[in-house]
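Hello,

Here is the structure we talked about. Please look through it first, then read the notes below.

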Amino acid sequence: MKRQSRAGQLRGFRQHFYRQAVNAQADQRLRVLAYSLVPSPRARPDEDWGTLQAEADQLGYAIASRLHDVAVPVTTTYFPASSASQGVYSPPWDRPGWREAERQLREGLADGVLVLDRYNISSDDDEYHAVIKHLGEHCQAFLHLVISEEPVAPT
C-alpha cells in the first residue's frame, strides 16, 4: 500500500474543513476573504487579486474582503546565508492582514480564506497544518488554494 505524502495529508486535512463549511452553508453562496502575501512594500497584490477573483467566480464564491501582507523574512541564527532560510517568512499570526482575516472569520463575515498557494500561509508543514486546524476549529472556516499542495492524479 502506497503511503500518502505529507502534501496529500495536508490537502486532505484542508478539504475536511471545506466540506464542513459547505455542509453548514447548505445552499448559500460561500463567502471568502481574498488574501495575498506580497514580496515587498512596493509590490501590489493586484495581480494576485485578479487570479483570486477568477477562482472565486469559477467556484461561485463571493469575495467578502481583500487583505494582504508584506512578506517579512525570518532571520535565523542556525543557518546564516543558507538556502535553507530562503522563503521563510513571519508566521501568519504575526501579520496584520492575517490577523484581520481571522477577526472577520470569527465574526462570521466570511466562511473561508482564498489564497494562491500554501506559501502565502507558510512553507513550514507544521505551521501550515496549525493554521488550517485553527481556521477550521476556532473560526469554523476553510482555506481554499488556487494551486493545491499536491496535484491530484487524473482518474
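**Core and salt bridges**

Glu102 counts as buried, because its relative accessibility is 11% and the cut-off for buried is under 20%. Keep in mind that this is a predicted model. Glu102 forms a salt bridge with Arg106, with the closest N and O atoms 3.9 Å apart. The two residues are four places apart in helix 3, so about one helical turn separates them.

By the rule used here, there are eight salt bridges. Another one joins Arg14 and Glu149, whose closest N and O atoms are 2.7 Å apart. This pair links distant parts of the chain: Arg14 is in helix 1 and Glu149 is in the segment after strand 4, 135 residues apart. Arg14 is buried, at 6% relative accessibility, and Glu149 is buried too, at 14%.

Asp125 and Arg118 also form a salt bridge, with the closest N and O atoms 2.7 Å apart. Here Arg118 is buried at 7%, while Asp125 is partly exposed at 28%. Both belong to a network of salt bridges that also includes Arg6 and Asp126.

Now the nonpolar core. The largest one has 33 residues, and Leu105 and Leu143 have the most contacts inside it. Among the elements that give two or more residues to this core are helix 1 (6-25), helix 3 (96-106) and strand 4 (142-145). Strand 1 gives the most, with five residues.

What does Leu105 touch, leaving out residues up to four places away in sequence? The list is Leu33, Ala110, Asp111, Gly112, Val113, Leu135, Cys139 and Ala141.

Regards

Technical notes:
Residues numbered from 1 in each chain as written. Predicted model: local features only at pLDDT ≥ 70, side-chain atom pairs only at ≥ 80, totals over all residues. Heavy atoms only, no water. Core = buried A, V, L, I, M, F, W, Y, C linked by side-chain atoms within 4.5 Å. Buried < 20%, exposed > 50% of the residue type's maximum accessible area, 1.4 Å probe, protein only. Contact = heavy atoms within 4.5 Å. Salt bridge = Lys/Arg side-chain N within 4 Å of Asp/Glu carboxyl O.
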